[in-house]
Amino acid sequence: MATITASERIAGVYIVELQTFGDERGTFVETYRREWIPGAREMIQSNRGDRKAGCVVGLHYHLHQADYWYVPFGRCRAVLHDLRVGSPTDGATEAVDLGERADGTLVHRGLYIPPGVAHGFASLSDMTITYLVDGYYNPADELGVAWDDPEIGGDWGLTDAVVSGRDAANPKRSALAPHAIPRWPLRT
């Protein structure tokens with residue numbers, strides 16, 4: 001059985017320590033169950049991204065969509081920031097390592113990210129990330145905030161990050177348009 005822990009820093013974020021089963025043939029891991037996350041909606045789409053070491057993806061956020069991340073190969077640092085004005089953890093930032101440890105040991109861990117929480121990751125090695133979402137792709141709900149905003153203060157674990165043009169152009173938190181600022185409570 002997986003061990004589910006509510007984040008102590010950001011309300012609605014859950015870290016899931018996954019149970020593995022294995023023998024000489026290999027390993028089996030159940031990576032997600034809806035019942036693990038209180039109040040979660042059904043995940044309806046699955047995505048996979050492969051990244052080279054040294055890149056930063058994000059910070060992205062959604063007003064209507066939750067994400068669930070799992071890293072089956074490689075190592076990354078997820079950075080989360082609560083943008084939800086009025087939430088009990090508004091302005092909190094948290095870093096969660098996913099995938100392999102520095103020694104190469106794979107840690108099977110899932111990460112649930114509710115709407116309104118900005119999220120991104122730094123690839124600390126070549127890596128694969130899979131993520132489930134509870135809403136189909138909607139460009140109107142694909143929002144971003146500057147990954148390197150000092151107000152957010154994310155610890156990415158990198159010194160020279162490779163960032164996409166889209167992510168490099170994201171505004172600082174203080175410059176977000178009023179219609180793009182999540183308000184607490186959002187649906188989960």
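1. Let me start with the make-up of the pocket lining. In this predicted model, the residues lining the largest pocket divide into seven nonpolar, eight polar and five charged. The lining counts 20 residues, and those nearest the pocket centre are Val-57, His-60, Asp-67, Tyr-131 and Glu-142. For the volume of this largest pocket, the figure to keep in mind is about 380 Å³.

2. Which strands supply the lining? At least two residues each come from β5, β6 (55-61), β7, β12 (117-123) and β13. The largest share belongs to β5, with five residues.

3. Now to the sheet, where some of these strand names return. Six strands form an open sheet in the order β1-β2-β11-β7-β13-β5, and their pairing is antiparallel. The edge positions are taken by β1 (3-6) and β5 (45-51); each has a single partner strand, so one side of each is left without a neighbour in the sheet. On average, neighbouring strands here are turned by 20° against each other, with direction ignored.

4. Strand β7 (residues 67-73) runs antiparallel to strand β13 (residues 127-133), and five bridges join the two. As a reminder, strands of a sheet pair through backbone hydrogen bonds, either parallel or antiparallel.

Notes:
Residues numbered from 1 in each chain as written. Predicted model: local features only at pLDDT ≥ 70, side-chain atom pairs only at ≥ 80, totals over all residues. Heavy atoms only, no water. Pairing = 2+ DSSP bridges. Helix = DSSP H or I, 4+ residues; strand = E, 2+ residues; numbered from the N terminus. Axes fitted to C-alpha atoms, helices over the stretch in contact; angles between N-to-C directions. 1 Å grid on protein atoms, 1.4 Å probe; cavity = no way out; pocket = protein on both sides within 12 Å on 5 of 7 lines; lining within 4 Å. Points joined across faces, edges and corners; volume = space filled by probe spheres on them. Nonpolar A, V, L, I, M, F, W, Y, C, P; charged D, E, K, R; others polar.
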